[in-house]
Amino acid sequence: MFEKVKKNGTEQLGKTNRIVEGTSIIGDIVSKADFRLDGELIGNFTSQGKIVIGAKGSVKGEIICNNADIEGEFHGKIKVLEILNIKSTAQIHGEVAVGKLSIEPGADFTATCTMLAHSNQVIMLEDGKGTEE
């Protein structure tokens, strides 16, 4: 009688995954929802949402996402299709490609930076890898 109608892409709204301080992950993370990292990731991260790297968080690897806030450390290659916010406590080393960039005074930004011509959405493929549309 009552059927649950699946909403395209909205089932992940308001949901955030979290890796807490003191946790280390070696490997790749693929997430459709937003993600907060206060621990350590050595590997790659792909998301259709937003990643927040907290002040105690660190990533060594590659990130592809729609939006990002970085307060902690990042070493590697990051592609943010919309807005990358770099907070004053952040340390960024590597390659950065963004739609829009915001850097607070005091941030350590030692990276090459490319501004993307237009913002696209990250599309998750069946194999769990991200691509852009």
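Which residues does Asp38 touch, not counting residues up to four places away in sequence? In this predicted model, Asp38 touches Arg18, Ile19, Val20, Glu21, Gly54, Lys56 and Gly57, contact being defined as heavy atoms within 4.5 Å. Residues are numbered from 1 along each chain as its sequence is written, and side-chain values use heavy atoms, with hydrogens and water left out. Because the model is predicted, local features need pLDDT of at least 70 and side-chain atom pairs count only at pLDDT 80 or more, whereas totals for chains, interfaces and linings use all residues.

Asp38 lies in the loop between strand E4 (34-37) and E5; strands are DSSP runs of at least two residues, numbered from the N terminus. With a relative accessible area of 9%, Asp38 is buried (buried, under 20%; exposed, over 50%; partly exposed, in between; 1.4 Å probe, protein chains only). Its side chain makes a polar contact with the side chain of Arg36 at 3.0 Å (a pair of N or O atoms within 3.5 Å, one able to donate a hydrogen and the other to accept it; residues adjacent in sequence count only if both atoms are side-chain atoms).

Strand E8 (residues 58-65) runs parallel to strand E5 (residues 40-42), joined by three bridges; pairing requires at least two bridges found by DSSP. Here, Glu40 has Ser58 of E8 as its bridge partner. Strand E6 (residues 45-47) also pairs with E8 in the parallel sense, over two bridges, and Thr46 stands opposite Ile64. Eight bridges connect E8 with strand E10 (residues 73-86), again in parallel, with Ile63 partnered by Ile78 in E10.

Terms used:
Helices (H or I, at least four residues) and strands (E, at least two) are DSSP runs, numbered from the N terminus.
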